[in-house]
Amino acid sequence: MPQSKNSIRLAADLQSDSIVDGPGLRIVIWTQGCGHNCKGCQNPQTWDFKGGALVPIDMVLEAIDEVDYNTGVTFSGGDPMYQPDACNKIAEYCKEKGYNIWVYTGFTFEEIMEMSKKKPIYKKFLQNIDVLVDGKYVERKRDLNLLFRGSSNQRLIDVPKTLKYKEIELFDEEKYLEEDKLQRPKTYI
Ligand code: SF4
């Protein structure tokens with residue numbers, strides 16, 4: 001199927017049970033295509049811009065409708081920023097349904113803002129994102145203790161606040177960890 005505005009190139013089927021790509025139980029949309037070539041990338045099979053499968057966006061939305069117990073949607077890959085139009089359509093739909101949106105990208109927030117000067121769709125997509133996990137994966141900065149990211153150069157950016165205050169505002173990790181602790185059932189051994 002040729003690339004069109006109504007399709008998205010995906011690396012895999014929608015995942016509906018992730019607990020490691022953002023808070024809570026999340027749907028993950030695995031986009032295909034990435035040009036960052038990070039050393040140590042865990043998903044090199046998602047780099048090929050002609051790989052994976054072209055899927056009609058309507059089919060993705062239908063698959064999202066079939067999931068009714070998740071609180072969030074995460075775009076990962078690959079790099080979703082190579083398909084901003086398609087990802088934004090899906091993000092808009094998910095936002096209307098009340099989902100919290102996280103996006104993983106190898107670009108930095110500043111680079112995306114620069115890209116948006118020529119392609120305003122990037123700014124529109126940002127406006128539908130709650131948290132952007134930005135920057136390439138840097139193997140020498142790998143840290144297994146980091147929350148929801150692989151290397152210490154990557155940031156969990158609170159996008160609505162960052163756009164509002166026009167300076168980088170980070171996701172409140174401490175608050176999240178405190179709330180997460182309260183929600184987990186106590187174990188009695
Ligand atoms: S941005 Fe992500 S998918 Fe792309 S090469 Fe880097 S780690 Fe791999």
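**View 1. Lys 166 in a loop of the predicted model.** Lys 166 is exposed, with 8 other C-beta atoms within 10 Å. Lys 166 belongs to the loop between helix H5 (159-165) and helix H6 (173-183). Helices (H or I, at least four residues) and strands (E, at least two) are DSSP runs, numbered from the N terminus. The phi of Lys 166 is positive, about 60°, although the residue is not a glycine. Most residues other than glycine have a negative phi, and most peptide bonds are trans.

Residues are numbered from 1 along each chain as its sequence is written. The model is predicted: local features need pLDDT of at least 70, side-chain atom pairs count only at pLDDT 80 or more, and totals for chains, interfaces and linings use all residues.

View 2. Asn 37 sits in the loop between E3 and strand E4 (53-56). Asn 37 is not a glycine, yet its phi is positive at about 50°. It has 10 C-beta neighbours inside 10 Å and therefore counts as exposed. In the loop between E5 and H2 lies Gly 78. The peptide bond joining Gly 77 and Gly 78 is cis, with omega about 15°.

View 3. Two strands pair if DSSP finds at least two bridges between them.

View 4. Strand E5 (residues 72-76) runs parallel to strand E6 (residues 100-104), joined by 4 bridges. Within this pair, Gly 72 stands opposite Asn 100. E6 and E7 are also parallel, with 3 bridges, and Tyr 104 has Val 133 in E7 as its bridge partner. E7 and E8 are antiparallel over 4 bridges, where Val 133 stands opposite Leu 156. Strand E7 (residues 131-134) is covered on both faces: Val 131 and Val 133 are buried on one side, Leu 132 and Asp 134 on the other.

**View 5. Ile 57 and its contacts.** Ile 57 is part of helix H1 (residues 57-65). It counts as partly exposed because it has 18 C-beta neighbours inside 10 Å. Leaving out residues up to four places away in sequence, Ile 57 touches Asn 6, Ser 7, Ile 8, Ala 86, Lys 89 and Ile 90. Contact requires C-beta atoms, placed from the backbone, within 7 Å.

**View 6. Residues around the ligand.** Of the 13 residues around the ligand, Cys 34, Cys 38, Cys 41, Gly 106 and Tyr 137 come nearest. A residue is near a molecule or strand if its C-beta atom, placed from the backbone, lies within 6 Å of it.

Notes. Buried ≥ 20, exposed ≤ 12 C-beta atoms within 10 Å, placed from the backbone. Contact = placed C-beta atoms within 7 Å.
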